[in-house]
Amino acid sequence: MTPQSAQTAEPHALIVGAGLAGVQTAVQLREAGWSGPVTVVGAEAHPPYDRPPLSKAVLTGKAEGSTFEVDFAALDVELHLGRQVSALRPDRRVIETDAGEVPYDRLVVATGSEPLLLPGAEGVPGVHLLRTLDDARALRPVLAEARPVVVVGAGWIGAEFTTAAREMGCPVTVVEAGGQPLAGALPPEVAAPMRQWYAEAGAELRTGVAVTAVRPGEVELADGTVLSADAVVVGIGSRPATGWLAGSGVELGQDGAVLVDEWLRTSVPDVYAVGDCASFPSRRYGRRLLVHHWDNALQGPRSVALDMVGGDSGQAVDSAVEPYDPVPYFWSEQFGRFIQFAGHPGEGEELLWRGDPGGASWSVCWLREGRLTALLAVGRPRDLAQGRRLIERGAGLDRRLAEDPAVPLKKAASAAGGR
């Protein structure tokens, strides 16, 4: 097969991945004026859907799904669903799938991430992941019947699932190999107050102990404890879903992420990457960022679309499109709390607390040389909204004012002369 542009005289944009990043890329291409064919290839047979509701409304049966409200026909976007992609052949400008080759003129890799599997648990009855719509639906009977559950991993997904399971009356034990919840995601002193949240919800949290074996109906821990479980939910992290790019010439990092430039272009001409699978250089933080969160998948597609449309029109895109360098942002709803995080903290940064972390609402700021680089807000959305703007500006904070939770962050920044 040859690229569709050979027949239409207009370049064909092919997007691999039908999650938020892939769907938004298709939408943004049309909004930016891309007039050529647009095709989205997705691995799942379901119409494209949003993932955050899976651990909430879909899991508990309050919603059947979370299909995107996008009229693909009106946008003249062709969907190829239920197709597994196996390889990229840039020399022939095609991707290989289980249903045959698909040609492209411009390619966008938006395959996201895939969950890490618990060694020895593959194929064991009753072991679940929570990544797809089918995963959420498979777990519904467990929650509906209030069965005992063991959750492996006290990260964001583990906490959200535990919240839903306890609301439905399931006995829940959470096992975390790290010393506290969100080990590796937050410093111990910031994560420590979250331990109590599990206790308040009636969930047992076991930290500092690894799982050594999973058998039907039980989980064995490194300390010899054997836990009974009708279901085991594994949430121990994820990795970029980029194995299909092996041998393509697309440069990957040690973590498997696609290494893109500041306009989300890969090392192969006319191939872009966006969302969970792409590592981009941040001038703001002076390092590459791999962001596995919804907001990154929402924002990146606009940069891709503008660069693709500008490049196709022959414009000087590098000067016309700003480099992609957002302030990372995400949120989580767990144990009756709304948690928001903005920024990207680095090693050795100062922590500044706003409010009592044992209370219902508090925030913590990360400062480098007096300037705000990141902020975690628990039940304080105003702190997050103001803090996110201050991070974008590289603003400094007056510590005395910032430590007072009654003082707006923007006032603390003004007092410090933040630009």
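This is a predicted model: local features need pLDDT of at least 70, side-chain atom pairs count only at pLDDT 80 or more; totals for chains, interfaces and linings use all residues.
Student: Which residues of α11 are buried?

Tutor: L409, A412 and A413, in a helix spanning residues 409-416. Buried means under 20% relative accessible area, exposed over 50%, partly exposed in between (1.4 Å probe, protein chains only). Helices (H or I, at least four residues) and strands (E, at least two) are DSSP runs, numbered from the N terminus.

Student: Why do the buried residues of α11 line one face?

Tutor: Seen down the axis, they fall within an arc of 100 degrees, so they share one face of the helix. The arc uses directions from the helix axis to the C-beta atoms.

Student: What covers them?

Tutor: The cover includes β24, β25, β26, α9 and α10. Contact means heavy atoms within 4.5 Å.

Student: How many aromatic pairs are there?

Tutor: Eight.

Student: Why is the pair of Y198 and F335 called tilted?

Tutor: Rings of Phe, Tyr and Trp (its six-membered ring) pair if their centres lie within 6.5 Å; planes under 30 degrees apart are stacked, over 60 edge-to-face, the rest tilted. Here the centres are 4.7 Å apart and the planes at 55 degrees, so the pair is tilted. Y198 in α6 and F335 in the loop between β22 and β23 are 137 residues apart.

Student: What makes Y198 buried?

Tutor: Its relative accessible area is 2%, and the cut-off is under 20%, so Y198 is buried.

How values were computed:
Residues are numbered from 1 along each chain as its sequence is written. Side-chain values use heavy atoms; hydrogens and water are left out.
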